[in-house]
Amino acid sequence: MYHSRNMKTKPVTIRIALMLLVSLGSGLLIGGVIGSATAFFYPVIAMPLLGAFLVGLVMGQAIHWLKMARIPMATVFGIFSICMLMGTTLVMGYGIQRAAIVEALESRHGFTKETAQKYVDEELNERTGGQTGVLAPLWFRMYDGVRVTSGFQLDATPMGNAVVLGIEWVLALFLGVRMIRKRSRQPFCSTCNDWYTRRMVGTAPLGSLSTVQATLMDRQFHRLGRRLDPPTKPQSIVV
């Protein structure tokens with residue numbers, strides 16, 4: 001039998017605001033870590049899936065804690081958090097590679113910081129197809145590929161890189177949103193505003209199955225207690 005703990009919960013507006021903060025924070029934090037790792041290695045597809053899995057775990061715990069049992073709302077928050085994860089990964093990877101080039105020009109070739117940054121801007125402008133601003137990290141990934149390991153660069157055509165990136169986004173969204181939706185679909189009592197938990201409250205003979213079911217459906221729990229034997233007594237029905 002499912003049993004609700006009947007605990008107090010926060011107002012809906014506060015829970016939505018907290019879920020938004022968790023979605024934003026988890027996507028930025030985990031995406032930042034994944035993006036930082038791209039300077040050293042980047043297992044294609046596997047790395048975004050790892051990030052989506054971690055985001056799914058964090059969001060699942062937040063959904064359970066905040067009692068967010070609304071599946072459509074959980075889906076929206078899931079999509080938002082995964083998009084933040086993937087976008088942050090792109091931005092961090094782009095920024096780290098840019099900083100590495102600037103540092104190399106300063107230390108190895110004696111460029112001043114301003115000259116090195118100007119040179120890098122011109123170089124990246126060419127490597128991103130002339131795109132600047134917020135779209136620069138995306139186009140940089142499409143035109144330049146990714147560093148799979150320190151000695152291997154995945155450098156396909158822009159279309160090939162775009163296909164790989166698209167597959168990563170689809171798989172990450174599928175995994176992350178699926179985990180988050182699964183957590184929000186757990187049995188929930190809308191009356192007492194809390195999750196149900198399983199607890200064995202008693203046993204009954206097999207012949208009383210229809211009576212027990214009718215009592216449960218009518219929510220006559222005071223009568224159910226009189227029809228059940230202690231859980232330790234072996235019977236045919238466990239409630």
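Which backbone oxygen lies 3.2 Å from a polar atom of the side chain of Ser26? The backbone oxygen of Ser23 does; such a polar contact is a pair of N or O atoms within 3.5 Å, where within protein one must be able to donate a hydrogen and the other to accept it, and residues adjacent in sequence count only if both atoms are side-chain atoms.

The model is predicted, so local features need pLDDT of at least 70 and side-chain atom pairs count only at pLDDT 80 or more, while totals for chains, interfaces and linings use all residues. Residues are numbered from 1 along each chain as its sequence is written, and side-chain values use heavy atoms, with hydrogens and water left out.

The protein chain has eight helices and seven strands. Helices (H or I, at least four residues) and strands (E, at least two) are DSSP runs, numbered from the N terminus. Of the 239 residues, 33% count as buried. Buried means under 20% relative accessible area, exposed means over 50%, and partly exposed is in between (1.4 Å probe, protein chains only). Among contacts (heavy atoms within 4.5 Å) between residues at least 6 apart in sequence, 74% join residues at least 24 apart.

Ser26 sits in helix H1 and is buried, because its relative accessible area is 5%. Leaving aside residues up to four places away in sequence, Ser26 touches Gly31, Val55, Val58, Met59 and Ser81. Leu20 is also found in helix H1, but it counts as partly exposed because its relative accessibility is 44%. Together with Leu24, Leu28 and Phe80, Leu20 makes a nonpolar surface patch of about 310 Å². Patches are made of residues with over 30% relative accessible area and no salt bridge; like charges are joined within 9 Å, and nonpolar side chains (Val, Leu, Ile, Met, Phe, Trp, Tyr) within 5 Å. A salt bridge is a side-chain nitrogen of Lys or Arg within 4 Å of a carboxyl oxygen of Asp or Glu. Helix H1 (residues 12-37) gives the most to this patch, three residues. An α-helix has 3.6 residues a turn, so residues three or four places apart point the same way.

Ser184 lies in H6 and counts as buried because its relative accessibility is 1%. The residues touched by Ser184, beyond those up to four places away in sequence, include Ile63, Met68 and Trp195. The C-alpha atoms of Ser184 and Arg70 are separated by 6.6 Å, although the two residues are 114 residues apart along the chain. A polar atom of the Ser184 side chain lies 2.9 Å from the backbone oxygen of Arg181.

Glu168 is also found in helix H6 (residues 158-184). Glu168 counts as buried because its relative accessibility is 1%. Among the residues that Glu168 touches, not counting those up to four places away in sequence, are Tyr42, Met86 and Arg141. Arg141 is itself one of the buried residues of helix H5 (residues 136-144). H5 is followed by Gly145, whose phi is positive, near 80°.

Terms used:
Areas by Shrake-Rupley, 256 points an atom, 1.4 Å probe, with all protein chains shown as cover.
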